[in-house]
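Please look over the model shown here before reading the briefing that follows it.

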Amino acid sequence: YGVNQKCMWQETCAGCTECQTSCQPWCYTNPHPWVADYGVKQKCNFIETCAECTECDNDCKSWCYTDTNPWVAEYGVNQKCTWSENCAKCSECDAVCESWCYTNTTPWKAAPGVNQKCQYVESCSGCDECN
């Protein structure tokens with residue numbers, strides 16, 4: 001199940017230090033799905049107990065769906081699709097690369113606060129130069 005089997009033994013081993021992670025043994029027997037559509041209760045959204053289980057280990061963190069920032073927004077506005085460590089790999093941010101990105105003179109990458117094509121989530125962020 002992706003967790004030390006002894007950690008499933010609630011009466012004897014579950015409290016041992018080897019079992020103290022944010023992936024609790026009961027996550028493996030809980031009837032909710034690991035990941036589900038937005039709005040459906042899912043174990044990977046149980047931040048304190050199940051979110052660190054290997055079944056939830058992906059580049060799109062479950063809390064991205066409940067964060068109130070927009071997925072994509074105007075330049076300079078905080079947006080989840082630019083958070084490369086946690087939300088940028090969510091399907092809502094599937095990147096594209098339009099042909100005009102190669103002829104536009106804006107730099108691909110630049111210092112923070114400077115306009116850059118790799119932040120154009122709906123048009124240029126999927127280009128090889130941004131990966």
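The briefing below covers the chain as a whole, its disulfides, its ring contacts and one valine.

This is a predicted model, in which local features need pLDDT of at least 70 and side-chain atom pairs count only at pLDDT 80 or more, while totals for chains, interfaces and linings use all residues. Residues are numbered from 1 along each chain as its sequence is written, and side-chain values use heavy atoms, with hydrogens and water left out.

**The chain as a whole**

- The protein chain has 0 helices and 0 strands, where helices (H or I, at least four residues) and strands (E, at least two) are DSSP runs numbered from the N terminus.
- Of its 131 residues, 34% count as buried, a class that means under 20% relative accessible area, with exposed meaning over 50% and partly exposed lying in between (1.4 Å probe, protein chains only).
- The accessible surface of the protein chain, computed by the Shrake-Rupley method with a 1.4 Å probe, comes to about 8400 Å², and carbon and sulfur atoms account for 50% of that surface.
- Among contacts (heavy atoms within 4.5 Å) between residues at least 6 apart in sequence, 36% join residues at least 24 apart.

**Disulfides**

- The count comes to 4 disulfides, each being a pair of cysteine sulfur atoms within 2.5 Å.
- One of them links Cys64 and Cys87, with the sulfur atoms 1.9 Å apart; the torsion about this S-S bond is about -95°, so the disulfide is left-handed, and both Cys64 and Cys87 are buried.
- Another joins Cys101 to Cys124 at an S to S distance of 2.0 Å, is left-handed with -95° about the S-S bond, and has both Cys101 and Cys124 buried.
- Cys118 and Cys130 are also joined, S to S 2.0 Å, in a left-handed link with -90° about the S-S bond; Cys118 counts as buried because its relative accessibility is 15%, and Cys130 counts as buried at 15%.

**Charges over rings**

- The charged end of Lys43 sits over the ring of Trp34, 4.1 Å from the ring centre, a placement that requires NZ of Lys or CZ of Arg within 6 Å of the ring centre and within 35 degrees of the ring normal.
- For Lys117, the charged end sits over the ring of Trp108, 4.1 Å from the centre of that ring.

**Surroundings of Val72**

- Val72 counts as partly exposed because its relative accessibility is 29%.
- Leaving aside residues up to four places away in sequence, Val72 touches Gln79, Cys81, Val121 and Glu122.
- Val72 and Val121 are 49 residues apart along the chain, yet their C-alpha atoms are separated by 6.7 Å.
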